[in-house]
Amino acid sequence: PVTNDWGKPIEKLNSKSLKENLFNQLGCSILISKYFIDYFLKKKINGKIIFISSIQGVRSPKFEHYNNLNMTSPVEYSVIKSGIISLTSYLAKMYKKNKISVNCVSPGGIRDNQPKKFIKRYLDSCGTKGLLDPKDISGAITFLLSNSSEFINGQNIIIDDGWSL
């Protein structure tokens, strides 16, 4: 959920929209996790929470990918995504004794009808694929939900075809 003016340059940011975007994305992640944690604690069961962040929560955007294109990477996006990664480690540490694991997956860019020029620039920063398809991150999520990840907690798994290197 984003406001109509999402993505404006920082010098044109509207404080009302910024507040709304931060709450709708980061604030709601905090509230949703509260409900899950309340449920796990009430039922006295092991729980797993998996957040989806982004490589732009770990590294700044590669602004050169956006040159002369009608698209950008908003400051709010990076701040929200880094906040989700921070929330992951905070909750993992706070609830580890309650057998609630909290992890995060940070994918690279997801293919979504971007301009060909952007796709090429993006691929140049990666290994062999560039932009990902949703199925490229589902395996990590399935693993984190499985019993095989029993002792993985507070981690941020980056899946980005080398973009962040």
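Asn113 is found in the loop between strand S2 and helix H3 (116-124), where helices (H or I, at least four residues) and strands (E, at least two) are DSSP runs numbered from the N terminus. This is a predicted model, in which local features need pLDDT of at least 70 and side-chain atom pairs count only at pLDDT 80 or more, while totals for chains, interfaces and linings use all residues. Residues are numbered from 1 along each chain as its sequence is written, and side-chain values use heavy atoms, with hydrogens and water left out.

Asn113 has a positive phi of about 60° although it is not a glycine. With a relative accessible area of 77%, Asn113 is exposed; here buried means under 20% relative accessible area, exposed over 50%, and partly exposed in between, with a 1.4 Å probe and protein chains only. A positive phi is also found in Asp161, a residue other than glycine, with a value near 55°. Asp161 belongs to the segment after S3, and its relative accessible area of 23% makes Asp161 partly exposed.

The protein chain contains 4 helices and 3 strands, and from the N terminus on its elements run α-β-α-β-α-α-β. Along its principal axes, the C-alpha trace of the protein chain spans about 55 × 40 × 20 Å. Buried residues make up 39% of the 165 residues in the protein chain. The protein chain exposes about 10100 Å², of which carbon and sulfur atoms supply 56%; accessible areas come from the Shrake-Rupley method with a 1.4 Å probe, and for residues only the protein chains shown count as cover. Among the contacts of the protein chain with a separation of 6 or more, 71% are accounted for by residues 24 or more positions apart, a contact meaning heavy atoms within 4.5 Å.

The mean positions of the 23 positive and 13 negative charges of the protein chain are 7 Å apart.

The strands form an open sheet of 3 strands in the order S1-S2-S3, with parallel pairing; two strands pair if DSSP finds at least two bridges between them. The edge strands are S1 (47-52) and S3 (156-159), each of which pairs on one side only. Neighbouring strands of this sheet are turned by 20° against each other on average, direction ignored. Helix H1 (residues 15-43) packs on the sheet, touching S1 and S2, and the direction of H1 makes about 170° with that of S1; axes are lines fitted to C-alpha atoms, for helices over the stretch in contact, and angles run from 0 to 180 degrees between N-to-C directions.

Within the sheet, 6 bridges join S1 to S2, which run parallel, and Ile49 stands opposite Val102 in S2. On the other pairing, 4 bridges join strand S2 (residues 100-107) to S3, which also run parallel, and Cys104 stands opposite Asn156 in S3.

Strand S2 is mostly covered, with 8 of its 8 residues buried. In a regular strand the side chains alternate between the two faces of the sheet. In S2, Ile100, Val102, Cys104 and Ser106 point one way and Ser101, Asn103, Val105 and Pro107 the other way, and all are buried. Ser101, found in strand S2, counts as buried because its relative accessibility is 9%. Leaving aside residues up to four places away in sequence, Ser101 touches Gly47, Lys48, Ile49, Ile152 and Asn153.

Asn4 lies in the segment before H1 and, at 86% relative accessibility, counts as exposed. The C-alpha atoms of Asn4 and Ser17, 13 residues apart along the chain, are separated by 8.4 Å. Ser17 has its place in helix H1 and, at 12% relative accessibility, counts as buried. Not counting residues up to four places away in sequence, Ser17 touches Thr3 and Asp5. The C-alpha atoms of Ser17 and Ile32, 15 residues apart along the chain, are separated by 21 Å.

Terms used. Lys and Arg count as positive and Asp and Glu as negative; His and the chain ends are not counted. The place of a charge is taken as NZ of Lys, CZ of Arg, CG of Asp or CD of Glu.
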